[in-house]
Amino acid sequence: MNDQLDLAALFAHPANGGLRPIAAADPSVVWRELVVASTESELAADGGGALAVLTVAPPATPWQQDALVRRVRDHGYRGLALPGAEAFGPGTRSLAERLGLALLDAAEPMALARAGWELLEGRDALTLGYVRRVAQSIEYHADNLADLLRHLSASVGHGVALIDSEGVLLEAGETLPATVHAAIDFAPWVDTVSLPEGAAASVRVDSPSRAGLRLAVFGGGLGQQQLSALAVAAEVAMPAVAARILIDEVADVNDASVSSGLLRDFLELRDSRDAELEQRMVERGWRTSGYHLGFRLIGRSRVDTLQLLRFVTRELTALPVDSHAATSGRGVSGWLSFTAPPAPSRVEENVRALHALHTAARRVFNVATGVGTLESGSAGLVATIDGAADAARIAADRSATGHFVRIDALGLEQLLLSWTESDTFVPAAESLLAPLIARGPELIETLTAYLDHESGIAATADALGLHRNTVSTRVARAQELLGLDLGDPETRLAVHLACRAVRR
């Protein structure tokens, strides 16, 4: 049995009878008892600092309202809740403030009384109520995990969030304060946190596909009784959340596979037209008309492309432009679409947004990002995605640019890229570099990075994570095997382009 009832807990209770503050309603007000009566005359003579709940509306005239407030306070009550309290005039409200009587409006006084009883004495009833609401919300069909969290939040009357140690993944109903998230202990099965900024009850999510998750139910003013009850409710809801995560995982994998195949088919067509393919793209919401700005993120080491796609898709929703993305090879390709030619300033704004996306992605994934040129129409969409892919390949070795490259900022190098793709250049490049290719990837990779970093030993060593002496030795060995002088600018350019061609 709890020995006190505070106003903050009543406000936080999801079934408090529509409780609203009228005057002197400081959330820190505490009562030891809640007394219910029809009218003031039926209240006990000694209120003992209790909260009085009346089921009959107050009198209409100001003097009668003042008299009611005075009598309730004179009987020793420190709170008064009744239906129609919003009718109290300014004078009566000021009187309640002076007397220190919390004045509250309760549209449903008996619901308020039950909420107070649950908080004071009926802990099991409070828990059962939350569990029942969780069970009812699970019965509804949810389209996805976010929809399920919305159902849960609406049912329990508090915020609900799926979190990990890094932050909030999904939330509904309210916003989980950062301080509350930081205070949650991710080690135990169940954890409760109570801070001035808010409180939360959380439970570990038993998901085979995604470790480190917790389901949190949170809100302001939650008392310990409510937190204990919500912890049980979270445990009841957790299996449904874990199952929904698995269902969504399977759906995401299937959808990503379909999207990836559709993008691959589109890019392989090049300048050809396929009405059926274009119709499939339209059905997916992919627009090929208008103007497009392509981008591509590739892993500089092994990355989970599905997780990368999720991250990119989530970040793109913040951009005020039509955007699409799909997994492609060892990375993610996407594009921004505009119905009309965007002004240069708008293009620059979106390139900056893509750079911010790249920066955010690098905190989680080891990626390089390339951005293509602004192009129009279906053929232009292919061209800008191809350009983004070229830029991403260059960016993978460009630590100086933070592994972010915009293709139309490359100048002469952009013109040379198309040459290195020709049928005659690639075999010639392979023949030139055959002595290095025969000895494995190390010499080619080191030489390419060395030339990408303008023959800088230190920069190359930093980019590859090698000692400078190792880089110097490999570059010298490569020159010896090739029989070429990399000090000659024309020779260096030819070898550089050849390295790019064979590493595509």
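## Largest pocket

The largest pocket has a lining of 38 residues, and those nearest its centre are Arg210, Gln307, Arg310, Phe311 and Arg314. The model is a predicted one. About 1300 Å³ of space lies in this pocket. By class, the lining of the largest pocket is made up of 18 nonpolar, ten polar and ten charged residues.

Six elements each give at least two residues to the lining of the largest pocket: helix H6 (145–156), strand E8 (159–164), strand E9 (167–172), helix H8 (224–269), helix H10 (305–316) and strand E14 (322–328). The largest share, eight residues, is that of H10. In terms of domains, domain 2 (123–246) and domain 3 (270–408) each contribute at least three residues to this lining.

## Domains

The chain is assigned four domains: domain 1 (5–121), domain 2 (123–246), domain 3 (270–408) and domain 4 (419–503). Between the C-alpha centres of domain 1 and domain 4 the distance is 82 Å.

## Cavities

Two cavities of 30 Å³ or more are present in the structure. The volume of the largest cavity is about 50 Å³. Around the largest cavity lie Val134, Leu152, Val156, Val160, Leu215, Val217, Leu230, Ala233, Ala234 and Ala237 as lining residues. This lining counts ten nonpolar residues, with no polar and no charged ones.

H6, strand E12 (214–219) and H8 each provide at least two residues of the lining of the largest cavity. The biggest contribution to that lining is from H8, with four residues. H6 and H8 also each supply at least two residues of the lining of the largest pocket.

## Strand E16: Thr369 and Ser376

Thr369 is a residue of strand E16 (residues 367–376). Its relative accessible area is 2%, so Thr369 is classed as buried, the limit being under 20%. The side chain of Thr369 makes a polar contact of 2.7 Å with the side chain of His358. Leaving aside residues up to four places away in sequence, Thr369 touches Arg296, Leu297, His358, Ala392, Ala395, His403, Phe404 and Val405.

Ser376 also lies in strand E16. From Ser376 to Leu466 the separation is 90 residues in sequence and 43 Å in space, taken C-alpha to C-alpha.

## Positive phi angles

Ala24 has a phi near 50°, a positive value in a residue other than glycine. The loop between strand E2 (20–23) and strand E3 (30–31) holds Ala24. Ala24 has a relative accessible area of 17% and therefore counts as buried, this being under 20%.

For His403, phi is near 60°, which is likewise positive in a residue other than glycine. The loop that holds His403 runs between helix H12 (377–395) and strand E17 (404–406). His403 is buried, because its relative accessible area of 6% is under 20%. His403 is one of the residues that Thr369 touches.

Conventions
Residues are numbered from 1 along each chain as its sequence is written. This is a predicted model: local features need pLDDT of at least 70, side-chain atom pairs count only at pLDDT 80 or more; totals for chains, interfaces and linings use all residues. Side-chain values use heavy atoms; hydrogens and water are left out. On a 1 Å grid over the protein atoms alone, a cavity is a set of points where a 1.4 Å probe fits but cannot get out, and a pocket is an open set with protein on both sides within 12 Å along at least five of seven lines; lining residues have an atom within 4 Å of a point. Grid points are joined across faces, edges and corners, and a volume is the space filled by probe spheres set on the points. Ala, Val, Leu, Ile, Met, Phe, Trp, Tyr, Cys and Pro count as nonpolar, Asp, Glu, Lys and Arg as charged, and the others, Gly among them, as polar. Domain bounds come from an automatic or database domain assignment. Buried means under 20% relative accessible area, exposed over 50%, partly exposed in between (1.4 Å probe, protein chains only). A polar contact is a pair of N or O atoms within 3.5 Å; within protein, one must be able to donate a hydrogen and the other to accept it, and residues adjacent in sequence count only if both atoms are side-chain atoms. Contact means heavy atoms within 4.5 Å.
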